[in-house]
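Take a walk through this fold. Start with one residue, then step back to the whole chain.

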Amino acid sequence: MTKLTPTLLVYSDMDGSLLDHFSYTHVPAKPILDQLKKAGIPMIPATSKTRAELIELRRVLDNHHPFIVENGAAVFIPEGYFKKQPAGTRLVDNYWVKSFCAPRQQWLDLILDNWADFSDDFTTFAESSVEEIVEMTGLKHEEAKRASLREYGEPVKWNGSEEQLKRFSWALERKGAYLQQGARFIHVSGKTDKGMAMQWLSLEYMRQPTVSDCYTIAIGDGKNDIAMLEAADHALVIRSPVHDPLQLSRPDSVVISEGFGPEGWAEGMKMILESLPFSTRNQEKFYG
């Protein structure tokens, strides 16, 4: 079979990017999502969300591709998606799973070790009821329940000062934790990020017999997306209604949307797809 040069992969943040920051709708982006699906281009969610959230969201989006959870802590690949199970993965509930950090409990223990000094400054998911998570996130009850099922890290809603946050970060990081700022929460986990997970998964695509090269597009709106946006071939920064656009260090191949959330997602993706030096029509299916 003739190899493809290159194969296009789209890695997208969810909250605030494909999903509206307030309503969580993806509808304005649906025409571009349908275009990608028709062309056989994988749209790979890369998010701070949990596995439970992604399984439901992929059902809603009719998405059957791999996904990156909890800010790059793990990659989930549907069993049989590739011809062979990738090295270093384990089979969990019909997914090949590549984990990049220790389980949630290790990071919860670190947070608890520092509880006395900072307990007035933050709220964790672990200490919150589903109803309280609904209040913090704006999610519906069942959605909040899925959001609470963390496996690799812990979201922290910070209520204290910036100075206290610096002290909190230092206290945890000197013991091996890594803190990432998302759209709503600080995520405490191991030394992982979406960029690392994206690069690992892209290499797995390149190991497939019909693939000779990969071209990556990364899409995001938050600080926890920066590593992925910097590492991709093309970056789409989504404007946010709650903070200034991200500033990247890369000098080129960056689009900053005019619209927010899924409107900006659709607008920016259309611009990037039209600018590519190769056709994205009818990309050959190369996975399982």
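Leaving aside its neighbours within four places in sequence, which residues is Gly 16 in contact with? The partners are His 21, Asp 221, Ile 238 and Gly 261. Contact here means heavy atoms within 4.5 Å.

This is a predicted model: local features need pLDDT of at least 70, side-chain atom pairs count only at pLDDT 80 or more, and totals for chains, interfaces and linings use all residues. Residues are numbered from 1 along each chain as its sequence is written, and side-chain values use heavy atoms, with hydrogens and water left out.

Gly 16 sits in the loop between β1 (7-12) and α1 (30-39). Helices (H or I, at least four residues) and strands (E, at least two) are DSSP runs, numbered from the N terminus. Gly 16 has 5% relative accessibility, so it counts as buried. The cut-offs are these: buried is under 20% relative accessible area, exposed is over 50%, and partly exposed lies in between (1.4 Å probe, protein chains only). Phe 260 is 244 residues from Gly 16 in sequence, yet their C-alpha atoms are 7.6 Å apart in space.

Now move to helix α10 (residues 261-275), which holds Ile 272. Ile 272 counts as buried because its relative accessibility is 0%. Beyond its neighbours within four places in sequence, Ile 272 is in contact with Ile 217, His 234, Ala 235, Leu 236 and Val 255. Leu 229 is 43 residues from Ile 272 along the chain, and 14 Å separates their C-alpha atoms.

Next, the cysteines. Cys 101 has 16% relative accessibility and so counts as buried. Cys 214 is buried too, with a relative accessible area of 11%. A search of the whole structure finds 0 disulfides, a disulfide being a pair of cysteine sulfur atoms within 2.5 Å.

Step back to the whole. The protein chain has 10 helices and 13 strands. Along its principal axes, its C-alpha trace spans about 60 × 40 × 35 Å. The radius of gyration, taken over C-alpha atoms, is compared with a globule rule of 2.2 Å times the number of residues to the power 0.38. For 288 residues, a compact globule would come out near 19 Å; the protein chain has 19 Å, so the two agree. Of the 288 residues, 57% count as buried. Among contacts with a separation of 6 or more, residues 24 or more positions apart account for 61%.
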